[in-house]
Amino acid sequence: MQKAMRLYLSDEYNQELKLDPLLAQILAKRGINNEDAVQRFLYNGLDDLFDPLVMKGIKKAAQRILKAINNKERIVVFGDYDVDGITSTALLNLYFKKRFNTVVDYYLPNRHKEGYGLNLPAVKSFVEDNYDLLITVDCGITAVKEVAYGMDNGLDVIVTDHHQPGEELPEAVSVVDPYQQDDPYPFKSLAGVGVAFKLCQSLEFLSSGQRINETLKNLMDIVSLGTVADIVPLLEENRIIVKKGLLLMEDSKNIGLRALIDRVGLKGRSLTPGQIAYIIAPPLNAAGRVEDPELGIKLLITDDINEAEEIADRLVQLNSERQKIEGDILKEAVNMVEEEIDLNKEKAIVLYSTDWHHGVIGIVASKLVERYYRPTILVACDEGIGRGSCRSIKGLNIYQALSNSSDYLEEYGGHAMAAGITIKQDDIVKFRMEFNAYLDSILDDEDLIPELNVDALLTGDEINKELYNKLKILEPYGVANPRPRFLLNRVELDKLYQVGKNKQHLKFTLSNGVEGIGFGFGSILTDLKGKKVDLACQIDINRWQDKEKIQVNLEGFSIREKASHYPVSFESGNWEIIDKRNCLEVFDYLNNLLSEQRKVAVFLNNSQLCRKYIKRLAEVKVFSAGSKKEVDNFKRHDSGSILFFNNLKNLENIRISDLVFISLPFSMGEMADIIKNFIFKKRVIHLLYGQREYDINNKIIKNRLPVDKYLRKLYLYLRAFACQEIYIEDLNKAIVQNESISTNKILLGKGITILSEIGLLKKKNGKLTLLPISGEKLDLSDSISYNNNVDIIEKFRLFSKLAFNDNVFNLVYYLKEYIGGNSNES
């Protein structure tokens, strides 16, 4: 799928940071823009973790747990069936056993029979089994009735969670959740296992006065595993946890985790969050999706190597089964999309089946979003009731969207990007219609274009191992700190060929020999052959047979010549420059732009071009700036209009959405004057000029501005008339026939003016007289007209360098300087 590449230069970029400029620019995009923030991000360690006792309710929770441990009370931990819940449960089990020699029981709900969260039958069983204390991890913040039942029946309950609380909190012994109102804890984005870890820290501090000790340090691999798997931002404490945990995982003391790492082929490797998320975590998740989530926790708490290896084998097998089920559902869902949904009319993908496995439809929904970039809801139905998984796109809060269509839902819950629903099978079609109607009211076509946000512009020669090593200081990568993405402008790829079982991937080489891989890009091989393309890519190391090579991972591309390819967008503050320079399909590009119901002004620098474009774009509302009546008519239209102009007459303070430069201005000042003439909500400026427009401008200059060589030839020619007067009109006729001088009426007139200004000619009553030359050498710079010409030519030369520079931000910088405080923004 084509993606729009966007490069944003933060106004907050602090050039005074004592840091490599490229790293400073990348960190600024992550909101890290002062020395303290840089220090915390790059160098903080375990000693810099926040004081756990600041978290609301955590001291009371720790005191109650220590009381239970001292009194040898029966404790049960209730977790969740995903990796965050499994690791949270395992963490408490291991910490209590290693630190206090206390065995706590645990309970993980069955995804298919019980669903998510604390449930009443489970609480009743704890009461019946005479447990004294229940601790929830990664759930419980909305379990008001369930907690009340336990508390009313002699079971003390401590809730630890990291999800958003509802309007009413459970009346537990203590509720620990950084998202609680008035919780002063400085970092809210902990995973469930992160909150459980802070509880362990509190227990440790109240017991020994230490916030971190060797026992807790040796459990950081478990905390890291759950943190990465739950896709929380890898900033602040999460970043510290994961950095420490990754180091531990390379030679984990946890027998079960070590066995799983071995089984998935990562033994002895330096691990990354990506490997955790896509290789290590899925087998643990597979247990809860297709069989029994207890397999996961048994793996993490066992002391028996044989048991660990047996469970690891089973988890890998279950993951293979999950992948097979997922693949079958994905194939079926794609066929349903292609056959049943008109994506030109419906903005969402809503599908259901009675044959789907509920445990994997969330993964399939995510893959459909990746494939089609549409909000997606998949529903698995059984006996007339459907349970669905929802995944969203940027700019759509799917929880709010579900709220708008909740009349057809039995239950729903979640957050902005993911949610779950329960719905009657008979209501799915009506829900689909209402859900799509709501999306029509809030989403534009532009919202359905996937974006690739780029960190910086590079040349192919800058991609080397030195750059890779420089970037390693930013690791570990993950949510809120993704691997940096770079833009390579107009590169030509060598040695393109397809690889993979079905030739679905693309291998290539940059001109400097750096190799690249494009996973899933095999089908676009013919598009890229022989073309110069803009590439969005990440820089990585390819390790094969004990050899390491720098490699670029292709993530997106754009061929500027094609109107159908999304252009690269450069954003800085309230400026957005759309780079489509050298586009060969300008009319198609304009038609596409106008089809989006935008109000567009187009710069063309001659009347012949204006007539040509008006004729070619006859099917849309076209107005010419040459007529005040048409300009006034253009003003009255809100959208779908286009204005052509070759000067600024009648155009002052016209409100537009987009400004398109098809022709190339002659100077920075001219371009700035054009831009500041209009009123924008946001300055959206499209650059469509190219080499052809540059050549046209050069020809215009050559035909209108006499330079040294032309003036010398003209003077030598005029010396033939040294002893006589000649009429300018006769001179024009005679000189045009002279093959040694390429001229025209405008060029000749300006040349005569310059020679007159430096005392070589006398011009009177339409006649010329050649004057005698003094002994002093005449200087062309004595001519005002000549100096003006030199100034125009030099301004065009300097402007052209910026106008065609790969880094469009350089052009934006100078345009801002020229325009200054006259912003003309609404």
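Q: Which residue in S9 does Val379 stand opposite?
A: Val379 stands opposite Gly388 in S9. This is a predicted model, in which local features need pLDDT of at least 70, side-chain atom pairs count only at pLDDT 80 or more, and totals for chains, interfaces and linings use all residues. Residues are numbered from 1 along each chain as its sequence is written, and side-chain values use heavy atoms, with hydrogens and water left out.

Q: What makes S8 and S9 a pair of strands?
A: Two strands pair if DSSP finds at least two bridges between them. Strand S8 (residues 376–382) and strand S9 (residues 385–391) are joined by seven bridges and run antiparallel, so they meet the criterion. In their hairpin, two residues lie between the strands, and Glu383 takes a positive phi near 55°.

Q: How do you know that S9 also pairs with S11?
A: Seven bridges connect S9 to strand S11 (residues 418–424) in the antiparallel sense, and the pairing therefore holds under the rule of at least two bridges. Within this pairing, Gly386 stands opposite Ile423 in S11.

Q: Why are S3 and S6 called edge strands?
A: An open sheet of five strands has the order S3-S2-S4-S5-S6, with parallel pairing. Strand S3 (105–107) and strand S6 (174–176) each pair on one side only, and they are the edge strands. On average, neighbouring strands of this sheet are turned by 20° against each other, direction ignored.

Q: What joins S4 to S5?
A: Four bridges join strand S4 (residues 133–136) to strand S5 (residues 156–160), and the two run parallel. Ile135 stands opposite Ile158 in S5.

Q: Which strands does helix H3 lie across, and at what angle does it run to S6?
A: Helix H3 (residues 58–70) lies across strand S2 (75–78), S4, S5 and S6, running at about 120° to S6. Axes are lines fitted to C-alpha atoms, for helices over the stretch in contact (heavy atoms within 4.5 Å), and angles run from 0 to 180 degrees between N-to-C directions.

Q: How many helices and strands does the chain have?
A: The chain has 29 helices and 31 strands. These are DSSP runs numbered from the N terminus: helices are H or I of at least four residues, strands E of at least two.

Q: What share of the residues counts as buried?
A: Of the 826 residues of the chain, 51% count as buried, that is, under 20% relative accessible area with a 1.4 Å probe, protein chains only.

Methods
Buried < 20%, exposed > 50% of the residue type's maximum accessible area, 1.4 Å probe, protein only.
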